[in-house]
Amino acid sequence: DRAIGKTSMIVNLAKGTELVKFTERGKNAVARRSNPSTGVAPTDKMTPETLSVNVELPSGEKQIQFLWVDTPGEAFSNSQWTHENQADWLNLQGTMSYSKAVVLLIPPYQELVLPNRIDSRTAINDLPNEQEWLHRLENWLNFFRHNCQNVEHILICLHRADTFCDVKSEAKKWRFDSKQGPFFFEY
């Protein structure tokens with residue numbers, strides 16, 4: 001979605017975690033999208049980059065290469081953008097049609113956000129209400145059904161979790177169990 005933090009998420013992931021470490025090449029690709037003094041600029045055109053990350057899995061460390069297609073949010077929410085950028089749109093659809101995984105970042109809805117967790121980056125009225133959010137999610141699921149037949153994994157991220165829960169205590173509730181399938185379970 002538009003202005004939800006797609007680029008910012010990758011920039012922050014590129015800083016590395018205990019389990020995910022970007023290679024130098026990946027860090028350099030991400031660094032081109034951000035400026036330490038001004039932050040992350042909005043994405044105005046689709047920019048594909050091949051990134052490599054080293055991920056610590058239960059079976060050991062594995063290097064994963066992926067194609068990061070940073071899109072302007074308007075690509076999905078503004079039909080005029082799609083019309084004016086047909087080559088980019090067709091290229092994105094082609095890329096998604098053979099992708100193995102897709103990550104969707106969506107905002108929380110207004111009723112979910114706790115007023116005491118709002119900061120200057122978020123205006124509650126700029127967020128969709130619950131019905132608008134459900135309609136948008138339904139549109140995304142239809143889009144995936146029609147354009148992503150080869151996708152094996154769709155990760156839907158409710159972004160800005162800090163506005164509706166205590167992230168650190170919530171993270172302690174979830175664990176991955178490969179015996180349960182490809183999902184994280186609350187315990």
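Let me begin with the packing in this predicted model: the buried residues of α1 pack against β1, α2, β2 (34-35), β3 (39-40), β4 and β5, where contact means heavy atoms within 4.5 Å, and where helices (H or I, at least four residues) and strands (E, at least two) are DSSP runs, numbered from the N terminus. Residues are numbered from 1 along each chain as its sequence is written, and side-chain values use heavy atoms, with hydrogens and water left out. Because this is a prediction, local features need pLDDT of at least 70 and side-chain atom pairs count only at pLDDT 80 or more, while totals for chains, interfaces and linings use all residues.

Which residues of α1 are buried? In this helix (residues 6-14), they are Thr 7, Ile 10, Val 11 and Ala 14, buried meaning under 20% relative accessible area with a 1.4 Å probe, protein chains only. They lie on the same side of α1 because they cover an arc of only 100 degrees around the axis, taken from the directions from the helix axis to the C-beta atoms. Just after α1, Gly 16 takes a positive phi of about 95 degrees.

Turning to the sheet, three strands form an open sheet in the order β1-β4-β5, with antiparallel pairing, and two strands pair if DSSP finds at least two bridges between them. The edge strands, β1 (20-22) and β5 (60-70), each pair on one side only. Between β1 and β4 (residues 47-57) there are three bridges, and Val 20 has Val 55 in β4 as its bridge partner.

Finally, helix α2 (residues 24-31) lies across β1, β4 and β5, running at about 135 degrees to β4, with axes fitted to C-alpha atoms, for helices over the stretch in contact, and angles running from 0 to 180 degrees between N-to-C directions.

Methods:
Buried < 20%, exposed > 50% of the residue type's maximum accessible area, 1.4 Å probe, protein only.
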